Amino acid sequence: NGARMGCSCMFVMNMSEDYCRQWVKASPDVAKLTFDVANKQVEASSFISWAARARWVDAKHGCVLE
């Protein structure tokens, strides 16, 4: 899932938002990623057909889908 991958990239691997956007980018590029740094969450959505949110829990658990 793009939300979990983006969350893990940014909050577990400590990479930049720009790097994580490219790392998660799908082909064709139909998904939108929203990074919420303050709340350590990432939301991925595609038009209005689906959406997912992942949040960073802690160092032991990493990011989980909500």
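Glu17 is partly exposed, with a relative accessibility of 27%. This value, like the others here, comes from a predicted model. The side chain of Glu17 meets that of Arg21 in a salt bridge. The distance from N to O is 2.9 Å. Arg21 is also partly exposed, because its relative accessible area of 29% falls between the 20% and 50% cut-offs.

Where do the two partners sit? Both belong to helix α2, which covers residues 17-24. Four residues separate Glu17 and Arg21, about one turn of the helix.

## Glu66 and its two arginines

The count of salt bridges in the model comes to four. Two of them involve Glu66, one with Arg53 and one with Arg55.

The bridge between Glu66 and Arg53 spans 4.0 Å from N to O. This pair links distant parts of the chain, 13 residues apart. Glu66 lies in the segment after β4 (62-65), while Arg53 lies in strand β3 (residues 50-58). Glu66 is exposed, with a relative accessible area of 54%. Arg53 is partly exposed, at 37%.

The bridge between Glu66 and Arg55 has an N to O distance of 2.8 Å. Arg55 lies in strand β3 and Glu66 in the segment after β4, so this pair ties together parts that are 11 residues apart in sequence. Arg55 counts as partly exposed, with 34% relative accessibility.

## Strands β2, β3 and β4

Strand β3 pairs with β2 and with β4. Strand β2 covers residues 41-46. Six bridges join β2 to β3, and the two strands run antiparallel. Ala44 stands opposite Ala52 in β3.

How many bridges join β3 to β4? There are four, and these strands run antiparallel too. Ala54 has Leu65 in β4 as its bridge partner. A hairpin of three residues leads from β3 to β4.

## A nonpolar patch on the surface

The surface carries a nonpolar patch. Its members are Met5, Val12, Met13, Met15, Tyr19 and Trp23. Together they have about 520 Å² of accessible area.

Which helices supply the patch? Helix α1 (2-12) gives at least two of its residues, and so does α2. Tyr19, one of the patch members, lies in helix α2. Tyr19 is partly exposed, at 38% relative accessible area.

## Ser8 in helix α1

Ser8 lies in helix α1. Is Ser8 buried or exposed? Ser8 counts as buried, because its relative accessibility of 18% is under the 20% cut-off.

What does Ser8 touch beyond its neighbours within four places in sequence? Ser8 is in contact with Met13 and Cys63. Met13 is also a member of the nonpolar patch.

Technical notes: Residues are numbered from 1 along each chain as its sequence is written. This is a predicted model: local features need pLDDT of at least 70, side-chain atom pairs count only at pLDDT 80 or more; totals for chains, interfaces and linings use all residues. Side-chain values use heavy atoms; hydrogens and water are left out. Buried means under 20% relative accessible area, exposed over 50%, partly exposed in between (1.4 Å probe, protein chains only). Two strands pair if DSSP finds at least two bridges between them. Patches are made of residues with over 30% relative accessible area and no salt bridge: like charges are joined within 9 Å, nonpolar side chains (Val, Leu, Ile, Met, Phe, Trp, Tyr) within 5 Å. Accessible areas come from the Shrake-Rupley method with a 1.4 Å probe; for residues, only the protein chains shown count as cover. Contact means heavy atoms within 4.5 Å.
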